[in-house]
Amino acid sequence: MTDRQRTVLGGALGDCVHVTGTLNFLALCRRHGWHTEFLGPAVAVERFADEAARRRPDLLAVSYRLTPEAAERLFDELRDALERRGIGDIDMVFGGPPPVVEVAERTGMFRAVFGGADGADVEDWLSGGGAGGAGFVVEDDLVARWKAARPRPLIRHHFGLPDVDRTVKGIERIAASGLVDVISLGLDQNAQEHFFHPERMDPSQDGAGGVPVRTPDDFRALKEASRTGNHPLLRSYSGTNDLLAMGEMLRETIKNAWCAIPVFWYSELDGRSERSLEEAVAENQALVKWHAERGVPVERNDQNQWGLRAAGDAVQIAAAGLGALLSARAGVSTYVLQMMLNNPAGISPAMDIAKMEAMDQVVRSRVGPGVTVLRELRAGLFSLPPDPMRAIGQLASATRTAMALRPDIMHVVGYTEADHAIEADELVASCAMVHQVIDDSLLGTPDPLADPAVAARRDHLVEEAGVLLSVIEDRWPAALSGDPVEMASVVRSGVFDAPHLVGNPAARGEVITVVEGRCDPVDPETGEVIGEGERLARLGLV
């Protein structure tokens, strides 16, 4: 696999002015990582051949929707014109109505001909399937796939139904669509917490929250279901107990595309396991090191967890920086930086962009130039309203905001999120809509950092996050090497805190924040915004 982006040149041949099919084909090619060039309607044979000889595309896409008799003559002329220019062996595909498709097939000129109404055969061909497939090498590796797709982001979606067989069929449908690059398996809570201890499972909770996988063979069946269409990567969260055993099993059964594990969470802090903060920090960091030793990318998602509990923007950014630093020191070479927009609810798009630009800057400054950082953007978990039409609108809005941040991975949250676990067809529809927003955005969007307010907020948040990280470094220097006791002190002391943690035995839960387009700590008596330095001073930490 090389990093060179392949090119397809397309147009409507002869007197044909119908270009919708050609343009749709080129749009599908872009989704599969091709660079596309369009010659337009009614392209004369000689011009078609001249442009093909001059531009030397990897693929020539020809369409014609008029009479089959005229098409037969044009095909002969095109073959002769290409041969005279020494490119008679150029790869070509054809699209048109069934009578013309029959003529095209008889000529033997085309690697593939398309005339189906739903375009599914086009997706299959571009994914490398079908007779004479496009030869697209589908990589079962995150970095290679990302390089092949640029400048488009990879598309990720979460999926898991409360039945293994239904989930298998759903993955087959999703893979066949060619619209999703990464399927994140949603496991039920029994699997996440007790996969290796089935005697501890509560049968009444089977299927609660996801697919009830119970054996390695269940995972293998899900992987096998994805081996069609564009062969999407599979990944899964790391569970909340027996992390190393789960990591090894996921690597062996589904070739887990990357490891996602927080620094502090899935512990007494959120009640998703009975592990203490100290135990969670140590075990989570050991899992990161295990994956780093095997060259597997890693994602730390603490910033999302803090945001979901209304922590201030600076705390979210500092948490992202700390998680990235710990990962780099464990030897991680590819780091997935997940950025959840609309988190907490009420953040404006402009201030979301400022926050995420600050987060990216802080993370990159902590990991250094030797680590590849992939930006992963997603809509906020609680941002989609129950009404399906408004949810579709919110998904489109979040996607446009995300595209301003130049994502490497687009984590799509389907429009049904607030109502029910998404079915395969709904997932495909959500991703098709997101692809359309991506297509439009790649034509060019304004630079949000040209807005002085956005740039100023970014710079302010970088400074505020720096205050938090400096206090950690000064008071608990061993925390930056992953010492579990000192790391736990970052939370127990209140350096990292969130309003929703009130009454939590592992955190202070004393901070009050306000969301007015941005999320900042405030004085509990006056309601005035205060800086992180002042907040920590009131806790006696500076």
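**A buried arginine and its surroundings**

Arg457 counts as buried because its relative accessibility is 4%, under the 20% limit for that class. The model is a predicted one.

**Arg457 and helix H17**

- Leaving aside neighbours within four places in sequence, Arg457 is in contact with Asp313, Met351, Ala354, Arg518, Cys519 and Asp520.
- Helix H17 covers residues 452-475, which makes 24 residues. From its first C-alpha to its last, H17 reaches 35 Å, close to the 34 Å expected at 1.5 Å a residue.
- At the start of H17, the backbone nitrogen of Ala453 has a side-chain oxygen of Asp451 within 2.9 Å.
- The buried residues of H17 include Arg458, Glu464, Leu468 and Ile472.
- Among the elements covering the buried residues of H17 are helix H13 (313-329), helix H14 (349-367) and helix H18 (484-492). Strand S15 (519-521) and helix H19 (532-538) also belong to this cover.

**Nonpolar cores**

- The largest nonpolar core contains 114 residues, and those touching the most other members are Phe264, Leu269, Trp306, Val495 and Phe496.
- Helix H13 supplies the largest share of this core, with ten residues.
- Apart from this core lies another, of 32 residues, with Leu60, Val62, Leu78 and Val103 among them.
- Not counting residues up to four places away in sequence, Phe496 touches several residues, including Phe264, Trp306, Val315, Leu322 and Val490. Ile472 is one of the residues that Phe496 touches, and Ile472 is also among the buried residues of H17.

**Cavities**

- Three cavities of 30 Å³ or more are found in a search of the whole structure.
- The largest cavity holds about 150 Å³ of space.
- Its lining consists of 15 residues, of which Arg31, His32, Gly33, Ala149 and Asp181 lie nearest the centre.
- Helix H6 (residues 142-149) contributes the largest share of that lining, three residues.

**Glu423**

- Glu423 is located in the loop between strand S13 (409-412) and helix H16 (424-441).
- With a relative accessibility of 33%, Glu423 counts as partly exposed.
- Glu423 touches Phe159, Leu161 and Arg166, not counting residues up to four places away in sequence. The side chains of Glu423 and Arg166 are joined by a polar contact of 2.7 Å.
- Glu423 and Glu105 are 318 residues apart along the chain, and their C-alpha atoms are separated by 37 Å.

Key: Residues are numbered from 1 along each chain as its sequence is written. This is a predicted model: local features need pLDDT of at least 70, side-chain atom pairs count only at pLDDT 80 or more; totals for chains, interfaces and linings use all residues. Side-chain values use heavy atoms; hydrogens and water are left out. Helices (H or I, at least four residues) and strands (E, at least two) are DSSP runs, numbered from the N terminus. The expected span of a helix is 1.5 Å times one less than its number of residues. Buried means under 20% relative accessible area, exposed over 50%, partly exposed in between (1.4 Å probe, protein chains only). Contact means heavy atoms within 4.5 Å. A polar contact is a pair of N or O atoms within 3.5 Å; within protein, one must be able to donate a hydrogen and the other to accept it, and residues adjacent in sequence count only if both atoms are side-chain atoms. A nonpolar core is a set of buried Ala, Val, Leu, Ile, Met, Phe, Trp, Tyr and Cys residues joined through side-chain atoms within 4.5 Å. On a 1 Å grid over the protein atoms alone, a cavity is a set of points where a 1.4 Å probe fits but cannot get out, and a pocket is an open set with protein on both sides within 12 Å along at least five of seven lines; lining residues have an atom within 4 Å of a point. Grid points are joined across faces, edges and corners, and a volume is the space filled by probe spheres set on the points.
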